[in-house]
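User: Hi! I am new to protein structures and would like to learn how to read some features of one. Could you walk me through it?

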Amino acid sequence: MGEKISPLANYMYLPSIFMKCVFFLRFVIVPLYLEPTLHTVTCVMIAIMVGAGYLAFFFTISHNFSNVKHVGPGGSIKRSAPFMKRQVETAANVGGYVLGVMNGGLNYQIEHHLFPRVHHSYYHFIAPKVKAYCQKKGLTYIHYPTIMDNTNAMVTYLKKQGTWEGKMTIGRTMDNLYKSLLDTKGH
């Protein structure tokens, strides 16, 4: 919504661009330079799509689920709400230690949001303490036992978003656009 990133993060701007260039060089340019074939192109594309799909799946189930809260205009959490509330109530965890080892801690989104510099192998150990603290503070901490439970909650949420009761439907957006275009009283 037009809010600039914190000036405290400015030091990461150039290194992040550099790392994206290194990734592109290592996983696209070098393989194609060493073996410029259709097979190499296919392998590079499959590797990137599988990796991106895996990340997208876990980000989607962790941030789109039944009773998820949203920050900002139209959301139930104000932008001025405390950092912890914004992070905890807009994410969910799924699974446990084994899944955390397999996917680098992506299943512990709440702990990742609160403690991004803590190594993911510790998320499983700190999660019960974070959950207890959140409950003590009245924050909604959601943890799904299995990926299927989390996926079902995501499908329920997305299905609701596709109805008139959902906030982000095309029908509602078009209706609001139509009303705003016809509203000449306010201008």
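User: What kinds of residues make up the lining of the largest cavity?

Analyst: Let's begin with the general idea: rolling a probe the size of a water molecule over the atoms shows where empty space is left. Keep in mind that this is a predicted model. Here the lining of the largest cavity divides into four nonpolar, two polar and two charged residues. By name, the lining residues are F65, N67, K69, V88, E89, A91, T140 and I142.

User: How many cavities of 30 Å³ or more does the structure hold, and what volume does the largest cavity have?

Analyst: There is one cavity of 30 Å³ or more. The largest cavity has a volume of about 30 Å³.

User: How many salt bridges does the structure hold, and which residue does K85 pair with?

Analyst: The structure holds two salt bridges. K85 pairs with E89, with the closest N and O atoms 2.9 Å apart. K85 is partly exposed, since its relative accessible area is 26%. Because the salt bridges share partners, K69, K85 and E89 are joined into one network.

User: N67 is also in the cavity lining. What should I notice about the phi of N67?

Analyst: As a rule, most residues other than glycine have a negative phi, and most peptide bonds are trans. N67 has a phi near 70°, a positive value in a residue other than glycine. You will find N67 in the loop between α2 and α3, and its 67% relative accessibility makes it exposed.

User: How should I read helix α6 itself?

Analyst: One way is to set its reach beside the expected span. Helix α6 covers residues 123–136, which is 14 residues, and reaches 19 Å from its first C-alpha to its last. That is close to the 20 Å expected at 1.5 Å a residue.

User: Which residues of α6 are buried, and what covers them?

Analyst: Y123, A127, V130 and C134 are buried in α6. The cover over the buried residues of α6 includes α3 (83–88) and α5 (109–114).

User: Where is N150, and is it buried or exposed?

Analyst: N150 belongs to helix α7 (residues 147–161). With 0% relative accessibility, N150 counts as buried. Leaving aside neighbours within four places in sequence, N150 is in contact with I61, S62, F65, N93, V94 and Y144.

User: What does N64 touch, leaving aside its neighbours within four places in sequence?

Analyst: N64 is in contact with F59, M154 and Y157 once those neighbours are left aside. N64 lies in the loop between α2 and α3 and counts as partly exposed at 22% relative accessibility.

User: How far apart in space are Y13 and N150?

Analyst: Here we look at separation along the sequence and through space together. Y13 and N150 are 137 residues apart in sequence and 33 Å apart in space, C-alpha to C-alpha. Y13 is found in helix α1 (residues 13–34) and is exposed, with a relative accessible area of 55%. For another pair, N64 and F27 are 37 residues apart in sequence and 30 Å apart in space, C-alpha to C-alpha.

User: And how far apart are M49 and S62?

Analyst: M49 and S62 are 13 residues apart in sequence and 20 Å apart in space, again C-alpha to C-alpha. M49 is placed in helix α2, and at 53% relative accessibility M49 counts as exposed.

Notes: Residues numbered from 1 in each chain as written. Predicted model: local features only at pLDDT ≥ 70, side-chain atom pairs only at ≥ 80, totals over all residues. Heavy atoms only, no water. 1 Å grid on protein atoms, 1.4 Å probe; cavity = no way out; pocket = protein on both sides within 12 Å on 5 of 7 lines; lining within 4 Å. Points joined across faces, edges and corners; volume = space filled by probe spheres on them. Nonpolar A, V, L, I, M, F, W, Y, C, P; charged D, E, K, R; others polar. Helix = DSSP H or I, 4+ residues; strand = E, 2+ residues; numbered from the N terminus. Expected span 1.5 Å × (residues − 1). Buried < 20%, exposed > 50% of the residue type's maximum accessible area, 1.4 Å probe, protein only. Contact = heavy atoms within 4.5 Å. Salt bridge = Lys/Arg side-chain N within 4 Å of Asp/Glu carboxyl O.
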